[in-house]
Amino acid sequence: MTQRSDIIIVGGGLNGPALALALAQNGHSVRVIDALPVAAREDDSFDGRGYALALASQKLLVQLGIWRDVADHSQPMNEIKVSDGGPGRVTSPFFLHFDHTEIEEGPMGYMVEDRFLRRALMSAVDAHEAITVHNDCRVVAQAADRDCISVTLDTGETFEATLLVGADGRASGTCARAGIKRSGWDYGQTALVCALEHDLPHGGIAHQHFMPAGPLAILPLPGNQSSIVWSERTARAKEIHQMDDAGFLAALRPSFGDFLGDIRLVGKRFTYPLNLTIANSFIADRMALVGDAAHGMHPIAGQGLNAGLRDVAALAEVLTEAKRRGEDIASPLVLERYQQWRRFDTATLASATDVFNRLFSNDNPLLRAGRDLGMGLVNSVPALRRNFMREAAGLTGDLPRLLQGKPI
C-alpha cells in the first residue's frame, strides 16, 4: 500500500527541515524528500558559508528548539554600517549607521555558519518521530486529485499526502511540475562568497559597501573572521574566481580596505549567479511553495533565508489553525490564506532589493549624489533610523507567531 502523510516536503536544505519541525511539533505527520545524500548534509567542515539571521528568525529557531544548539556558534550583529564608494575613490561622507542600542529588542540579528545551522536542523528532524526523511532521491512526478497528492521518486517509490510543499530552490521541480510559471530576470552579476580571517576585531559590525559593479557585504563571524558576499559583473567575477588565493585577495583589497588589518582566506570560495525569480503563484492544487522555490531575490539586504523562514512560519500557522478547525489543510481556501499573507510582503521585498541594486550598482554621478543625500537624511533622523533597524531585524509587518517568539 502507498504510504500516506499529512504533508510531503520536497527539499532538505534549511527551509524544508525548519517547516517539517514547525509542522511536526504541531501535530502533523511529515515526510521530507532530499536530493542530497546524508554524507553531504552531515559534512561539518568549515567552508565559510554563513547566514545573516534577522532577530525575528532567531526567535523562530528558539521556538523550534534549534537555537540552543547554534547559539554558542553565533555572532550578534550589534551594528550595521552602509556606505557608498568605489575602488580608488574616497568613501562618501553620507552613510547609514544602525546601532542596536537604539531599539529595545537587542541585536538586529546573528551570523551563523551554514554547517552549524544545517546540523542542528538535521539532528532535530531525525529525532522527531512524526518526521520521515528520504535522502539521495528525487521526485520525478507528482499528481493531485480530489483527496490527496502523490509523488513518485526516482527509486520507484510512491508516497501520498494531503499537501505537497516545494522547498526545492529557485529551479524548483515542484513548481514546474505544477505548471506554475516564473517571472524575473538576470542581473548580470555573480556573488563571490568566502570567509576571511583578519588581524583586527570586527566588533560585531556588519558592513555593506556599495560599489559600481555591485555591493560588498562584510559580515562578522565568531572570532576575528568575517563572511564575504562580493557582487561583481559576471565576466569579472569569473576572472576573479579563477585566480589563486593571492590573486583573489589582491583583487578584493581595493574594495575591502584595510580597516580590519591584514586579511587571509579561510575555507572555500564559492560563486552564485544573481537573478530575480518569483513564482507567479505560491499555491496550486494541494501544493504550496516556500523559500527560493517561491521567490529568489538579490542578496543585497541579506534577506533570502529570512524571507524563507517567514514563509515557513506563516504556512505552519495557517495549516495548524486549519487542522484545529477540522478543515482540509490543502483546500483552496486554506492555501489562499497563506498566499495572501506572504505574496505582498514578498513582492515588496523583491522590488526593494531590485531597486536598491539598480540604484547603487552604477557610477552615475547624479544617482550617486541622490542616493548619498538620501542615506544622509535617513541617518540624521532617529525615527527613520529606528524604522530601518526594526525592518532589518524582521520585526515589522504582520508577523506569524513563531517570528514573534510565540508558539502557534
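Modeller: Helices (H or I, at least four residues) and strands (E, at least two) are DSSP runs, numbered from the N terminus. By this naming, Asp-311 is placed in helix H9 (residues 304-324). Residues are numbered from 1 along each chain as its sequence is written. This is a predicted model, in which local features need pLDDT of at least 70 and side-chain atom pairs count only at pLDDT 80 or more, while totals for chains, interfaces and linings use all residues; side-chain values use heavy atoms, with hydrogens and water left out.

Biologist: Why is Asp-311 called buried?

Modeller: Buried means under 20% relative accessible area, exposed means over 50%, and partly exposed lies in between (1.4 Å probe, protein chains only). Asp-311 has 0% relative accessibility, so it counts as buried. Ser-57, in helix H3 (residues 55-63), has a relative accessible area of 3% and is therefore buried.

Biologist: Which residues are in contact with Asp-311, leaving aside its neighbours within four places in sequence?

Modeller: Contact means heavy atoms within 4.5 Å. With those neighbours left aside, Asp-311 is in contact with Val-290, Gly-291, His-295, Tyr-338, Arg-342 and Thr-346. Under the same exclusion, the contacts of Ser-57 are Asn-306, Leu-309 and Leu-403.

Biologist: What makes Gln-225 a buried residue?

Modeller: Gln-225 has a relative accessible area of 19%, and the limit is under 20%, so the residue is buried. Gln-225 is part of strand E15 (residues 225-233). Apart from neighbours within four places in sequence, its contacts include Phe-46, Leu-196, His-202 and Val-266.

Biologist: What makes a set of residues a nonpolar core?

Modeller: A nonpolar core is a set of buried Ala, Val, Leu, Ile, Met, Phe, Trp, Tyr and Cys residues joined through side-chain atoms within 4.5 Å. The largest such core has 107 residues, of which Ile-9, Ile-66, Leu-319 and Tyr-338 touch the most other members. Its largest share, 10 residues, comes from H9. Apart from this core lies another, of 17 residues, among them Leu-192, Leu-216, Ala-251 and Leu-265. As for Ile-66, not counting residues up to four places away in sequence, it touches Leu-21, Leu-61, Leu-117, Ala-120, Leu-121 and Ala-124.

Biologist: Why is the meeting of Arg-264 and Asp-199 called a salt bridge?

Modeller: Side chains of opposite charge can pair when their charged atoms come close. A salt bridge is a side-chain nitrogen of Lys or Arg within 4 Å of a carboxyl oxygen of Asp or Glu. The distance from N to O in the pair Arg-264 and Asp-199 is 3.1 Å, so the pair meets the rule. This pair links distant parts of the chain, 65 residues apart: Arg-264 is in strand E16 (residues 263-279), and Asp-199 is in the loop between strand E12 (182-198) and strand E13 (205-211). Arg-264, at 30% relative accessibility, counts as partly exposed, and so does Asp-199, at 43%.

Biologist: How do you know that Asp-262 forms a salt bridge with Arg-253?

Modeller: The closest N and O atoms of Asp-262 and Arg-253 are 3.5 Å apart, which is within 4 Å, so this is a salt bridge. Asp-262 also meets Arg-264 in a salt bridge, at 3.4 Å from N to O. A network of salt bridges links Glu-197, Asp-199, Arg-253, Asp-262 and Arg-264. The structure holds 18 salt bridges.

Biologist: How do you know that Cys-148 is too far from Cys-137 for a bond?

Modeller: A disulfide is a pair of cysteine sulfur atoms within 2.5 Å. The closest cysteine sulfur to that of Cys-148 is in Cys-137, at 19 Å, so the distance is too far for a bond. By this rule the count of disulfides is zero. Cys-148 is buried, at 6% relative accessibility, and Cys-194 is buried as well, at 0%.

Biologist: What is noted about the phi of Arg-286?

Modeller: Most residues other than glycine have a negative phi. Arg-286 is not a glycine, yet its phi is positive, about 55 degrees. Arg-286 is in the loop between strand E17 (283-284) and strand E18 (287-289), and its 8% relative accessibility makes it buried. Asp-136, which is not a glycine either, has a positive phi of about 60 degrees; Asp-136 is in the loop between strand E8 (131-134) and strand E9 (139-144).
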